[in-house]
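My notes follow in the order I took them.

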Amino acid sequence: MVFKLPKKEGFAHAVYAKLLRVPKGKVTTYAALAHAVGTRAYRAIGQVMNKNPYAPDVPCHRVISSDGNLGGYAGGEKRKLAMLKAEGIVFKNGKVEEKYILREL
DNA sequence: CCGTTGACTCTTT
DNA sequence: AAAAGAGCCAACG
């Protein structure tokens, strides 16, 4: 058992669930997550991630912007970059290669 | 309930 | 190519 997600958070829960579906070594975008939960609240996704009550349990560092840019990170973008590299992600000019980005979940 | 904010994205200049 | 504007949705005060 890795991590049990409380099933009452609604929107947030949906986002976290999708994010947990992202395999290691890959990343996703806020847009993909939003689309996966059936909403266009790209920004709301970011807010939930920032508040992220499930901090280390939810790999929020695997979420980047649509342009392949890191986007943001509550602990610092440098930190996020390091974690992604540790996951096996290869960066090109400070951006994630398209092949690592899951545009759809 | 209304207004502001935000780890976004797309379109237009 | 880079910058600015508009649009979108949920959480908070």
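Before anything else, a term: helices here are DSSP runs of H or I with at least four residues, strands are runs of E with at least two, and both are numbered from the N terminus. One more caveat for myself: this is a predicted model.

**Entry 1: R62**

I started with R62, which sits in the loop between α3 and β2 (63-64). Is R62 buried or exposed? R62 counts as buried because its relative accessibility is 10%, and the cut-off for buried is under 20%. I then listed what R62 touches, leaving aside neighbours within four places in sequence: L19, V22, P23, K24, K26, V27, T28, L84 and E87.

**Entry 2: D57, in that loop too**

I looked up D57 next and found it in the loop between α3 and β2. D57 comes out as partly exposed, because its relative accessibility is 36%. I also checked D57 against E87: the two are 30 residues apart along the chain, and their C-alpha atoms are separated by 15 Å.

**Entry 3: the two faces of α3**

Which residues of α3 are buried? I got I45, V48 and M49. Looking down the axis of α3, I see these buried residues within an arc of 100 degrees, so they line one face of the helix. I noted the general rule beside this: an α-helix has 3.6 residues a turn, so residues three or four places apart point the same way. The buried residues of α3 pack against α1 and α2. On the other side of α3 I find R43, Q47 and K51 exposed.

**Entry 4: DNA strand B**

I moved on to the DNA. There are 15 residues around DNA strand B, and Y30, R43, Q47, N50 and G72 come nearest. Among the atoms of DNA strand B within 4 Å of the protein, 41% belong to sugar or phosphate and the rest to bases.

Then I went through the polar contacts to base nitrogens of DNA strand B. An N or O atom in the side chain of Q47 is 2.3 Å from one. A polar backbone atom of N50 is 3.1 Å from a base nitrogen, and for a polar backbone atom of A44 I wrote down 3.3 Å. The elements giving two or more residues to the surface near DNA strand B are α2 (30-36) and α3. Of these, α3 gives the most, with seven residues.

**Entry 5: DNA strand C**

Which residues are around DNA strand C? My list reads F11, T39, R40, A41, R43, A44 and Q47. By class, that surface has three nonpolar, two polar and two charged residues. Helix α3 (residues 42-51) gives the most here, with three residues. For DNA strand C, 65% of the atoms within 4 Å of the protein belong to sugar or phosphate, and the rest to bases.

The side chain of R40 has an N or O atom 3.3 Å from a phosphate oxygen of DNA strand C. R43 places a polar side-chain atom 3.2 Å from a base oxygen of DNA strand C. For Q47, a polar side-chain atom lies 3.4 Å from a base nitrogen of DNA strand C.

**Entry 6: the cores**

How many residues are in the largest nonpolar core? I have 15, and Y16, L19, L33, I45 and M49 are those with the most contacts inside it. The elements that give two or more residues to this core are α1 (11-21), α2 and α3. The largest share, four residues, comes from α1.

Not counting residues up to four places away in sequence, L33 touches V15, K18, L19, T28, I45, V63 and L105.

**Entry 7: N93**

N93 has a positive phi of about 55 degrees although it is not a glycine. I placed N93 in the loop between β3 (91-92) and β4 (95-96). N93 counts as exposed because its relative accessibility is 74%.

How values were computed
Residues numbered from 1 in each chain as written. Chains lettered and ligands numbered in written order. Predicted model: local features only at pLDDT ≥ 70, side-chain atom pairs only at ≥ 80, totals over all residues. Heavy atoms only, no water. Near = heavy atom within 4 Å. Polar contact = N/O pair within 3.5 Å; in protein donor to acceptor, adjacent residues only side chain to side chain. Nonpolar A, V, L, I, M, F, W, Y, C, P; charged D, E, K, R; others polar. Core = buried A, V, L, I, M, F, W, Y, C linked by side-chain atoms within 4.5 Å. Buried < 20%, exposed > 50% of the residue type's maximum accessible area, 1.4 Å probe, protein only. Contact = heavy atoms within 4.5 Å. Arc of directions from axis to C-beta.
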